[in-house]
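Subject: Structure handover

Hello,

Please find the structure below.

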Amino acid sequence: MTDLSKYRNIGIFAHVDAGKTTTTERILKLTGKIHKLGEVHDGAATTDFMEQEQERGITIQSAATTCFWDDHQFNIIDTPGHVDFTVEVYRSLKVLDGGVGVFCGSGGVEPQSETNWRYANDSGVARVIFVNKLDRIGADFYKVVEQVKTILGAKPLVMVLPIGEESALKGVVDLLTRKAWVWDNSGDPMAYEIQDVPADMVDKVEEYRAALIETAVEQDDDAMEAYLEGNEPDMAIIKKCIRKGTINLDFFPTLCGSAFKNKGVQNVLNAVIDYLPSPTEVKPQPEVNADGTPTGEFAIVDVKAPFRALAFKIMDDKYGALTFTRIYSGKIAKGTNVLNTFTGKTERIGRIIEMHANERNEVDSAQAGDIVALLGMKAVQTGHTLCDPAHPATLEPMVFPQPVISIAIKPKDQAHSEKMGTAIGKMVAEDPTFIVETDEDSGETILRGMGELHLDIKVDILKRTYGVEAIIGKPQVAYRESITNTLEDSYTHKKQSGGSGQFAKILYKLEPLEPGEGFQFESKVVGGNVPREFWPAVEKGFKFSKEKGVLAGYPCLDFKVTLLDGAFHAVDSSAVAFETAAKAAYRQSLPKAGPQILEPVMKLDVFCTEEKMGDVIGDLNRRRGMIKTQEPSNTGVRIKADAPLSEMFGYIGALRTMTSGRGQFSMEFSHYAACPKNIAEIVIKEALEREEAKRK
């Protein structure tokens, strides 16, 4: 298939439990890809194929599948909703052309919906909205539409209205055609009739239809003029206007229904074809230089152009490492060689696979617009560009958030040690937010991740998938250090031991920066007292030293070093001497610059019933939380707060106990802030004890 206008690369994303995976199941059933529906709550959904996903009823890794609807090819990615796995959403959105944002009819716009929406805005992805679960108690389509406006700051373009509410939901009215789609209660998605609008809805339908057409015609001056003169444009022109506005992110076509009850999913599929862009209608991917700066060139989506593709996910399975790849331009065939611009090496494509969750369909070739998995890639990692060796180019890479929580892990015995090394290597390649380090002093393996659940799942995969028995330490917080005072100081490094010596003198200033500004270096040396070629060595010395703070050995953030003056010796001075001087200067001056411990502060979004609100807020206050807002809704209260990560371990258990299992929360890293004195003392004491234990 080579007609790119008939391709749709889409992602389905939402908050935990809004019904993304169920919606994907219904799409696969409708398009004939599967014949028996699997339910998430039974652990039988097609795209939730990991044991951990089936047990918890959540999606952990994004799953790709391909299906067809009305002679269009859909490449669909079902993404996770849990905040610990947002990297899966981020990297999926990076390679998709359009998305379906699923919102729960009763829960509305929930915390993770906001994060995902923000990612989609950053990636410039056009979306349609599907308000799901309208068969639930407390579901209210119009309330969710209002929340999309107020919470997300987006403009929903209502395309359908629900017929009936909650358990009485029968179907939807298509505003453009003024026709009602009514399903029977058999649960068969194809068991529907197209009828006239119910008499009690005629006025409402006309009101919403007028608003829809008014918004749409704003995209076309001629259509707008005709409409103002009282002539409604024909259906083709209206759809063209809606498509244009959707691709420009001016508004988002909004549909509704119940995926679980098989009502309203066809309308979503039709909207994907009618309003979401094909690969040729989105902005082409920018190409960059080795240092990440734009070259001004773009990977134009064209089968005849040189081959350009982005590896966005690595997944290990029984057949070897699968490299999920979005092809932007050109085409590839089995057995061809491609260049990985990150490593500078060429790799041979063993097999090309069209994925259907964890099943596979082998194909001989793939082209611009396709999302496929490649077998046989040896050194390719997430974010690497694959291209034609004769026309090298690098696509804009992905940037991932830094982990904020860590645990120590030790294999039970030597037999498990080797197994663990191999398993962790594969897991790190799959997940860029999962980082593994070895503590040089103790030899312990440290796993770092985005949250408790993230690390919990990783340990579970180690045990069950790879059969590694290990001893797990308690979670550790990724503290940081910084300084509070500005200080001028000098240091002279002199060493004479026969032959040529070492000499370097530096006069420098240390000053604190605003949170998030990182480490900065500047030289104000004039007159050549410290020759220009030694400045990078001074910077390198401080940069190396900042990885270990003077209070508890945590990396030091947000300070600036200014080299003011110094002295050198014509024979004894060298880059090594100045680097050594900078390292010693750091150790000498940092304790005098008011060092302090910083702790990671998390952005919290807690949902609970109104009668439990007092308990929840009281508990957050005890955890040193700062309450920012409280928003009442039909079903409860949403509390937004900032709280230190160190106080939030085990919070899900405490919240469930307080709210009789009805509370929910999501948490993501916000910023680093100074630790209170009593907490800082404990952190320093624990760090010293760890050092002492290592020495023994």
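Tyr192 has a relative accessibility of 28% and therefore counts as partly exposed. Here buried means under 20% relative accessible area, exposed means over 50%, and partly exposed lies in between, using a 1.4 Å probe and protein chains only. The model is a predicted one: local features need pLDDT of at least 70, side-chain atom pairs count only at pLDDT 80 or more, and totals for chains, interfaces and linings use all residues. Residues are numbered from 1 along each chain as its sequence is written, and side-chain values use heavy atoms, with hydrogens and water left out.

Aromatic pairs

A pair of aromatic rings is described by the distance of the centres and the angle of the planes. Rings of Phe, Tyr and Trp (its six-membered ring) pair if their centres lie within 6.5 Å; planes under 30 degrees apart count as stacked, over 60 as edge-to-face and the rest as tilted. The whole structure holds 13 aromatic pairs. One of them, Tyr142 with Tyr208, is tilted, at 5.8 Å centre to centre and 50° between the planes. Tyr142 sits in helix α5 (residues 141–150) and Tyr208 in helix α6 (residues 202–217), so this pair links distant parts of the chain, 66 residues apart. Helices (H or I, at least four residues) and strands (E, at least two) are DSSP runs, numbered from the N terminus. Tyr142 is partly exposed, with a relative accessible area of 23%, and Tyr208 is also partly exposed at 23%.

Tyr192 belongs to another pair, with Trp181: the ring centres are 5.0 Å apart and the planes are at 15°, so the pair is stacked. Because Trp181 lies in strand β9 (residues 179–183) and Tyr192 in strand β10, the pair ties together parts 11 residues apart in sequence. Trp181 is buried, with a relative accessible area of 11%.

Sheets

Which strands make up the open sheet of 4 strands? The order is β7-β8-β9-β10, with antiparallel pairing. Two strands pair if DSSP finds at least two bridges between them. The edge strands, β7 (160–163) and β10 (192–196), each pair on one side only. On average, neighbouring strands of this sheet are turned by 25° against each other, direction ignored; the axes behind this angle are lines fitted to C-alpha atoms, for helices over the stretch in contact, and angles run from 0 to 180 degrees between N-to-C directions. β7 pairs with strand β8 (residues 171–174) in the antiparallel sense over 4 bridges, and Val160 stands opposite Asp174 in β8.

An open sheet of 3 strands has the order β13-β12-β24, with antiparallel pairing. β13 (294–299) and β24 (394–395) have a single partner strand each, so one side of each is left without a neighbour in the sheet. Strand β12 (residues 285–288) runs antiparallel to β13 and is joined to it by 3 bridges. Pro294 in β13 is the bridge partner of Val288.

In a regular strand the side chains alternate between the two faces of the sheet. In strand β22 (residues 371–375), 5 of the 5 residues are buried. Ile371, Ala373 and Leu375 are on one side, Val372 and Leu374 on the other, and both faces are covered. Strand β15 (residues 320–329) pairs with β22 in the antiparallel sense over 5 bridges.

Cores and buried loop residues

A nonpolar core is a set of buried Ala, Val, Leu, Ile, Met, Phe, Trp, Tyr and Cys residues joined through side-chain atoms within 4.5 Å. The largest has 72 residues, and Phe74, Val100, Phe103, Trp117, Phe141, Met159 and Ile242 touch the most other members. Helix α9 (residues 265–275) gives the largest share of this core, 7 residues. A second, separate core of 44 residues includes Val477, Met602, Ile639 and Met667.

Val468 lies in the loop between α11 (452–464) and β28 (470–472). Val468 counts as buried because its relative accessibility is 0%. Among the residues Val468 touches, not counting those up to four places away in sequence, are His416, Met420 and Leu462.

Regards

Note on methods:
Contact means heavy atoms within 4.5 Å.
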